[in-house]
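Please look through the structure below with its side chains displayed. The text that follows takes up its charged pairs, its aromatic rings and one part of its surface.

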Amino acid sequence: MRIAILWSALASYSVAFFNQLAVTEGAKLLLIYRKPDSDAPFDRFDLSFCEESAEDSPESRETLEARVREFSPDCILMSGWAHPHFMRIARKMRRA
């Protein structure tokens, strides 16, 4: 299964969950995530279990839809409805 994950800021529990999807279930993951806040208690996570990962930023938003479309996911997992650009991608991919 190919899963595109459109996520807000990462935390250790979400990374552990995504890792289990990849390792235990054999899922291929595209992870697009918001950059951690400067006051977050961590710097970076090991995301090597993902097929592809990228930070979401205002500069990268023009290319996000193309990345998701190119990945050709079976489903999309989103962190919520608060990110309009993630919602746009989900709506367009639903039609695909």
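**Charged pairs, rings and a surface patch**

Helix α2 holds both E65 and R69, which sit four residues apart, about one turn of the helix. The model is a predicted one. The two side chains form a salt bridge, with 3.1 Å between the closest N and O atoms of E65 and R69. E65 is partly exposed, at a relative accessible area of 24%, and R69 is partly exposed as well, at 39%.

This is one of five salt bridges in the structure. Another joins E52 to R67, where the closest N and O atoms are 2.6 Å apart. That pair links distant parts of the chain, since E52 belongs to strand β3 (residues 52-56) and R67 to helix α2 (residues 61-71), 15 residues apart. E52 has a relative accessible area of 27% and is partly exposed; R67 is partly exposed, also with 27%.

R61 forms a salt bridge with D56, and the closest N and O atoms lie 3.1 Å apart. Are the two partners buried or exposed? R61 counts as partly exposed at 31% relative accessibility. D56, at 5%, counts as buried, because buried means under 20% relative accessible area. D56 and R61 also belong to a network of salt bridges that includes R34.

The aromatic side chains come next. The structure holds two aromatic pairs. In one of them, the ring centres of W7 and F18 are 5.0 Å apart and the planes stand at 90 degrees, so the pair is edge-to-face. W7 lies in strand β1 (residues 2-9) and F18 in helix α1 (residues 12-23), so the contact ties together parts that are eleven residues apart in sequence. W7 counts as buried at 17% relative accessibility, and F18 is buried with a relative accessible area of 0%. Ring pairs bring F17 into a cluster with W7 and F18.

The last stop is the surface around helix α3. R88, R91, R94 and R95 form a positive surface patch. R88 is located in helix α3 (residues 84-95).

A96 is found in the segment after α3. At 71% relative accessibility A96 counts as exposed, because the limit for that class is over 50%. Between A96 and R61 there are 19 Å in space, C-alpha to C-alpha, and the two are 35 residues apart in sequence.

Conventions:
Residues numbered from 1 in each chain as written. Predicted model: local features only at pLDDT ≥ 70, side-chain atom pairs only at ≥ 80, totals over all residues. Heavy atoms only, no water. Patch = residues over 30% accessible without salt bridge, like charges linked within 9 Å, V, L, I, M, F, W, Y side chains within 5 Å. Areas by Shrake-Rupley, 256 points an atom, 1.4 Å probe, with all protein chains shown as cover. Salt bridge = Lys/Arg side-chain N within 4 Å of Asp/Glu carboxyl O. Lys, Arg positive; Asp, Glu negative; His and termini not counted. Charge placed at Lys NZ, Arg CZ, Asp CG, Glu CD. Helix = DSSP H or I, 4+ residues; strand = E, 2+ residues; numbered from the N terminus. Phe/Tyr/Trp six-rings, centres within 6.5 Å; stacked < 30°, edge-to-face > 60°. Buried < 20%, exposed > 50% of the residue type's maximum accessible area, 1.4 Å probe, protein only.
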